[in-house]
Every structure is written in C-alpha cells, then in structure tokens.
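Work through the exercises below with the sequence and the model open. Try each task before you read its solution.

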Amino acid sequence: MGCCKVPALIQAQVEMGLVNDVEHKSLFRRDTDSSQIKAASLMEQGSLSASFRERASKTPNNSVLQSFKIVILSNKLNLLLPFGPLAILLHYLTDNKGWIFLLSLVGITPLAERLGYATEQLACYTGSTVGGLLNATFGNVTELIISIFALKSGMIRVVQLTLLGSILSNMLLVLGCAFFCGGLVFSQKEQVFDKGNAVVNSGLLLMAVMGLLFPAVLHYTHSEVHAGSSELALSRFSSCIMLVAYAAYLFFQLKSQPSSYTPLTEETNQNEETSDDDEDPEISKWEAIIWLSILTAWVSLLSGYLVDAIEGASVSWKIPISFISVILLPIVGNAAEHAGAIMFAMKDKLDLSLGVAIGSSIQISMFAVPFCVVIGWMMGAQMDLNFQLFETATLFITVIVVAFFLQEGTSNYFKGLMLILCYLIVAASFFVHEDPHQDDI
C-alpha cells in the first residue's frame with residue numbers, strides 16, 4: 001500500500017510541475033505576444049509616416065512640356081482660358097464694360113480651379129494638416145486679390161460684399177452641394193463627421209459675426225462717442241483681435257491637437273490601397289510652387305480688369321452691384337472649394353468636406369476681412385467692419401442655420417437640399433436689394 005502511494009504521489013508532483021511549467025511558458029508566450037503586438041502597432045504607426053514619405057518621395061521628373069500638358073491641357077475647363085486674354089483685348093478696343101466683365105469672370109474660373117489643383121499637388125509633400133491649410137489659403141486667393149484691387153480703387157463696398165458673398169457661398173452653396181451629393185451616393189445611411197470640430201468652427205463663425213455686428217449696431221443706434229471715428233476705431237481694434245484669434249486657431253489646429261485634424265489610423269488602413277493612386281503627386285514640389293506663382297499672377301492681372309468693369313456691367317445689365325459682388329464673384333472664386341468638397345463627400349470623407357467649406361468661411365471671416373481692414377488702414381482707406389444692417393443680418397442668420405445643421409454630427413441629402421434652397425433665398429434677396437452706399441462706390 002505504501003509503495004503504491006509513493007509513485008502516485010511522485011506522479012502527482014510531476015504533473016503539478018508540468019502544469020506549472022506549462023503555465024510559466026504560456027505566461028511567457030503572452031508576454032512575447034503582447035510585445036509582438038506592441039511592436040506591430042508601432043510598425044503600423046511607422047508605416048503610416050513611411051507611406052507618406054514614400055508618396056512624398058515619388059517626385060515626378062517632368063519636362064516643361066510635360067508639366068504644361070498635365071496642368072493646362074489635362075482639364076477640359078481650361079478651354080475657358082482664352083476668354084481672359086480676350087477680355088484684356090476688348091478693354092482696349094471697346095467700352096462695353098458688360099462684355100469685359102463677363103469675359104474676365106469666365107477667364108478667372110479655370111484659373112481658380114487650377115489654383116486648387118496646384119495647391120493639392122503641393123499638399124502631397126506637406127502632409128494632411130498643412131495641406132488643408134494650404135487648400136483653404138489658396139482657395140481664397142482669388143477673393144483676396146479681387147478685394148485688394150477693389151480696395152486700391154476705393155471700392156470699399158465691393159470689398160465688403162465680395163468677402164461676405166464668399167462666406168455665404170461656402171457655408172450654404174458649397175456645404176449644401178457636398179451634403180446633397182454625398183447623401184445621394186450614400187442614401188442608405190447617414191454620413192457622419194466630427195461633431196467636436198464642427199462646434200469649434202461654429203463658435204469661430206459666431207465670433208466673426210460678433211466682430212461685424214457691433215460696428216453696425218453702433219452706427220445704427222447713433223451711440224458713438226465720436227461720430228464717424230468711433231466706428232472705424234472699433235473696427236480696426238476688432239480686426240486686430242480677430243487676427244490674433246485666427247493665429248491662435250492655427251496654432252491649436254497645427255500644434256496643440258493635430259490628431260483631431262488628421263485622418264484616423266483605421267480609415268487610413270482601409271483606404272490606403274484605394275487612395276494611393278489618387279494621392280500620388282503628378283508634378284514635383286517646385287513645379288507646384290512655380291505654377292502657383294504663375295496662376296496667382298494671371299488671376300491678379302485679370303482681377304484688375306474685372307474690378308474696373310463692375311460698375312459698367314451693373315449699369316448695362318441693370319443688375320445691382322450687391323448681387324454681382326455677393327453672388328457672381330464668389331461662385332467663380334469658390335470653384336475649387338466647390339469641386340473639392342463635393343468630391344470628398346461622394347467618397348464619404350465629410351470631415352474633409354467640412355474642412356474645405358467651413359474652414360474657408362472661417363479663413364475669410366477671421367482673416368481675410370480683418371486683413372483687408374488693416375491693409376485699408378495702411379493705405380489710408382476707411383475700410384471698416386460695418387457691413388450695413390441687411391448684410392450683417394443675413395450673415396448672422398446664415399451662421400445660426402448652419403450651426404443647427406452641424407450640431408448633430410450627421411448629414412444627408414435633405415440637409416444639403418435645405419442649405420441650397422437657403423442660398424437661393426439669399427441670392428434672390430440681394431437681387432432685389434439696393435445698396436444704400438451704391439452711390440459711394
């Protein structure tokens with residue numbers, strides 16, 4: 001009996017030792033597996049930056065003729081480019097301001113689109129966050145150039161109305177078309193975007209409305225301490241504050257929380273196979289910079305003739321200058337944003353669509369408008385933030401409507417249709433609106 005118990009006891013101890021050994025090995029394997037998983041995750045994160053480096057390293061080596069074919073001859077919209085030189089020719093041959101304005105407007109349209117293309121090519125070498133900032137900046141360069149030329153000519157109301165129209169166009173027409181087209185493509189589901197970023201952007205737009213509202217209220221309540229000068233002083237002070245706020249917004253966007261504005265890892269992994277071909281640059285970095293310089297110079301040249309013909313076009317067409325400035329000019333200037341926002345929405349990338357449409361509105365309201373006030377201050381022009389009561393009320397209601405549409409963080413084609421219809425109401429309002437300062441333009 002004792003001899004039988006001893007081997008059984010020994011066998012039990014051996015089995016216990018084997019179990020402990022197996023448990024020890026399994027724990028060791030878990031540690032190694034977890035370390036391998038961590039290493040794999042680090043490799044995936046590194047591969048994201050490496051994939052960006054690979055895309056950036058794929059620098060095309062194009063000749064001058066190849067670059068010209070890619071930038072100029074590859075887009076059918078560039079068939080409108082000859083209208084620009086034709087407008088310049090008519091300026092010296094005839095006095096028909098209506099035709100000069102129309103041809104200049106049509107000639108600027110493909111230039112605005114090509115500016116967006118060259119900016120996208122340059123963004124391939126900078127990364128998503130800086131690329132988005134470049135897209136917003138050069139997407140608004142047409143409006144800025146037109147505004148500076150109008151400011152030089154003393155046409156302050158044209159500057160105010162053009163910038164206001166660009167904000168309204170981006171928030172209602174561009175964003176509405178993006179929601180509508182994206183909703184039609186993905187009609188079986190609601191598209192989702194980052195609600196937190198949308199709330200921050202809505203707050204910035206409301207701050208811009210505040211900057212425009214107080215000078216107008218001060219003017220219409222006749223409560224200025226120094227009549228005529230207090231309104232201008234408040235506008236210049238508010239413009240400096242808005243520029244500081246926009247600089248802080250850029251720092252927040254680029255440095256403090258860059259992860260909120262960069263694509264998620266999961267989305268990148270899902271789309272990297274399908275998007276690699278689209279994101280590969282077609283021209284080199286220096287080609288993009290050179291083309292941006294050429295296109296900006298050509299837009300500047302045509303903008304001078306365009307601004308010079310606005311008054312004559314208003315008289316010959318019997319259309320208010322406010323309608324031309326608020327509706328026609330921004331539609332041309334926002335051609336690049338319009339196409340880009342719709343394209344991103346149809347690919348279910350609504351955060352990028354919002355970055356284009358709302359980001360452009362923020363840049364115009366928080367940078368371009370106060371920048372023009374400061375530039376006018378340097379030129380000796382009395383450019384202020386009093387956009388008049390009708391225009392300020394239109395902007396205020398537009399920002400409120402868009403903020404309500406963005407608060408849920410979802411979109412569909414019905415929301416897009418509502419925004420488009422709101423823009424049609426705004427366009428009709430400015431068509432029948434007579435600017436009280438029209439005689440001063």
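**Exercise 1.** Of the contacts in the protein with a separation of 6 or more, what percentage comes from residues 24 or more positions apart?

Solution. Contact means heavy atoms within 4.5 Å. Residues 24 or more positions apart account for 84% of the contacts with a separation of 6 or more.

Two notes apply throughout. This is a predicted model, in which local features need pLDDT of at least 70, side-chain atom pairs count only at pLDDT 80 or more, and totals for chains, interfaces and linings use all residues. Residues are numbered from 1 along each chain as its sequence is written, and side-chain values use heavy atoms, with hydrogens and water left out.

**Exercise 2.** Is Val-369 buried or exposed, and which residues does Val-369 touch?

Solution. Step 1: locate Val-369 in helix 15, residues 350–379. Helices (H or I, at least four residues) and strands (E, at least two) are DSSP runs, numbered from the N terminus. Step 2: apply the cut-offs, where buried means under 20% relative accessible area, exposed over 50%, and partly exposed in between (1.4 Å probe, protein chains only). Val-369 has a relative accessible area of 2%, so Val-369 is buried. Step 3: leave out residues up to four places away in sequence; Val-369 then touches Leu-163, Leu-212, Ile-364, Leu-385 and Phe-387.

**Exercise 3.** Find the class of the ring pair Tyr-92 and Tyr-305, and say where the two residues lie.

Solution. Step 1: rings of Phe, Tyr and Trp (its six-membered ring) pair if their centres lie within 6.5 Å; planes under 30 degrees apart count as stacked, over 60 as edge-to-face and the rest as tilted. The whole structure holds 8 aromatic pairs. Step 2: the ring centres of Tyr-92 and Tyr-305 are 6.3 Å apart and the planes stand at 75 degrees, so this pair is edge-to-face. Step 3: Tyr-92 is in helix 3 (residues 83–93) and Tyr-305 in helix 11 (residues 285–308), 213 residues apart. Step 4: Tyr-92 is exposed because its relative accessible area is 60%, whereas Tyr-305, at 14%, counts as buried.

**Exercise 4.** Classify the pair Phe-390 and Phe-430, and compare how accessible each residue is.

Solution. Step 1: the centres are 5.3 Å apart and the planes at 80 degrees, so the pair of Phe-390 and Phe-430 is edge-to-face. Step 2: Phe-390 lies in helix 16 and Phe-430 in helix 17 (residues 413–431), so the pair ties together parts 40 residues apart in sequence. Step 3: Phe-390, at 32% relative accessibility, counts as partly exposed; Phe-430, at 0%, is buried.
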